[in-house]
Amino acid sequence: MRLTVVDGIAELLLDRAAKHNAMTPAMARQLAAHARAVDEDDEVRAVLLHGAGEKAFCSGSDLNALAAYPSAWHFRNRIEYAAAVRMIRKPVVVALQGWTLGGGAETALGADIRIAATNTRIGFPEVQRGWVGGGGASQLLPRLIGHAAATRLLMLAEQIDAAEALKLGMVHEVVSAEELLPRARAVAQRLAGFSTVAVQSVKAALRAAMETPLSAGLTYENEMNVLCFSAGDHLEGIRAFNEKRQAEFSR
């Protein structure tokens, strides 16, 4: 795992290209530590997650590492890397290419904006290996793409390409491999230019919509709106509108 911060963008790189960026417990610990660090760093306004090499974003958990857990109890208490990404409060963009499988696909689901290269292949092969994914796919996919489509992907372990992922609404955009990182960085930079309070409030409200009834969600949304107004960033937004310029938020 590599972490770099440039101009308010934290880039998290899965750097194990020779193994299709398969995640080991050590990498999961590093990712969880980096996730906490970017949340605590006030200079970081957005996060970009991507994988090294051209063949994979992440092929999921390293199978040999899974077999090395001394007991099911130790596995139960592992650091879940997909959850580490999902819990980042700041906006997260993920750039996908090549194999995006199992826990790698679940990690992508934990991001806010998913941009895929045309060579991306997404799949959830866990049932073929004898288990169910533990990184959120069975809960997030039905909410994202519908129950029927999620059932097909999780129970039949069928892989889909980037075009189908876009059609299903699993990814937001598909670009060429050459355009992938420049486009993902541009999206992250756009997010970084917004009010930190506003963009994190939008993220929190969207996450709440996945698990609360409408009445509670509407109340929560209004509270997030009040939070933004109490931070005062709306005044700069109004000034920028009246002065016909881009808003410049201090945080």
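Arg-2 lies in strand S1, which covers residues 2-6; helices (H or I, at least four residues) and strands (E, at least two) are DSSP runs, numbered from the N terminus. The model is a predicted one, in which local features need pLDDT of at least 70 and side-chain atom pairs count only at pLDDT 80 or more, while totals for chains, interfaces and linings use all residues. Residues are numbered from 1 along each chain as its sequence is written, and side-chain values use heavy atoms, with hydrogens and water left out. Leaving aside neighbours within four places in sequence, Arg-2 is in contact (heavy atoms within 4.5 Å) with Glu-11, Leu-12, Leu-13, Asp-15 and His-34. Between the C-alpha atoms of Arg-2 and Ala-17, which are 15 residues apart along the chain, the separation is 13 Å.

A nonpolar core is a set of buried Ala, Val, Leu, Ile, Met, Phe, Trp, Tyr and Cys residues joined through side-chain atoms within 4.5 Å. Buried here means under 20% relative accessible area, exposed means over 50%, and partly exposed lies in between (1.4 Å probe, protein chains only). The largest core has 40 residues, and Ile-122 and Met-170 are those with the most contacts inside it. Helix H1 (residues 25-40) supplies the largest share of this core, five residues. A second, separate core of 15 residues includes Ala-95, Ala-117, Val-175 and Leu-180.

Leu-153, placed in helix H8 (residues 147-155), counts as buried because its relative accessibility is 1%. With neighbours within four places in sequence again set aside, the contacts of Leu-153 are Phe-124, Leu-141, Ile-145, Glu-158, Ile-160 and Met-170. The C-alpha atoms of Leu-153 and Glu-43 are separated by 39 Å, and these residues are 110 places apart along the chain.

Helix H11 spans residues 196-209, has 14 residues and reaches 20 Å from its first C-alpha to its last, close to the 20 Å expected at 1.5 Å a residue; the expected span is 1.5 Å times one less than the number of residues. Thr-196, Val-197, Val-199, Ser-201, Lys-203 and Ala-208 are buried in H11. The cover over these buried residues includes strand S5 (92-96) and the helices H10 (177-192), H12 (214-231) and H13 (233-242).

What is the relative accessible area of Lys-203, a buried residue? The value is 8%, so Lys-203 falls in the buried class. Not counting residues up to four places away in sequence, Lys-203 touches Ile-88, Arg-89, Lys-90, Pro-91, Val-92 and Asp-112. With Asp-112, Lys-203 forms a salt bridge whose closest N and O atoms are 2.8 Å apart; a salt bridge is a side-chain nitrogen of Lys or Arg within 4 Å of a carboxyl oxygen of Asp or Glu. Lys-203 lies in helix H11 and Asp-112 in the loop between helix H5 (103-109) and strand S7 (113-117), so the pair ties together parts that are 91 residues apart in sequence.

In total, the structure holds 13 salt bridges. One of them joins Arg-245 to Glu-236, with the closest N and O atoms 2.7 Å apart. Salt bridges that share partners join Glu-236, Arg-239, Glu-243 and Arg-245 into one network. Within it, Glu-236 is buried at 11% relative accessible area, whereas Arg-245 is partly exposed at 33%.

Glu-80 pairs with Arg-78, the closest N and O atoms being 3.0 Å apart; Glu-80 is buried at 18%, and Arg-78 is partly exposed at 24%. The charged end of Arg-78 also sits over the ring of Phe-75, 4.0 Å from its centre (the criterion is NZ of Lys or CZ of Arg within 6 Å of the ring centre and within 35 degrees of the ring normal). The structure holds one aromatic pair, formed by Tyr-69 and Phe-75 in an edge-to-face arrangement, 5.4 Å centre to centre and with 80 degrees between the planes. Rings of Phe, Tyr and Trp (its six-membered ring) pair if their centres lie within 6.5 Å, and planes under 30 degrees apart count as stacked, over 60 as edge-to-face and the rest as tilted. Tyr-69 is partly exposed at 23% relative accessible area, and Phe-75 is partly exposed at 32%.
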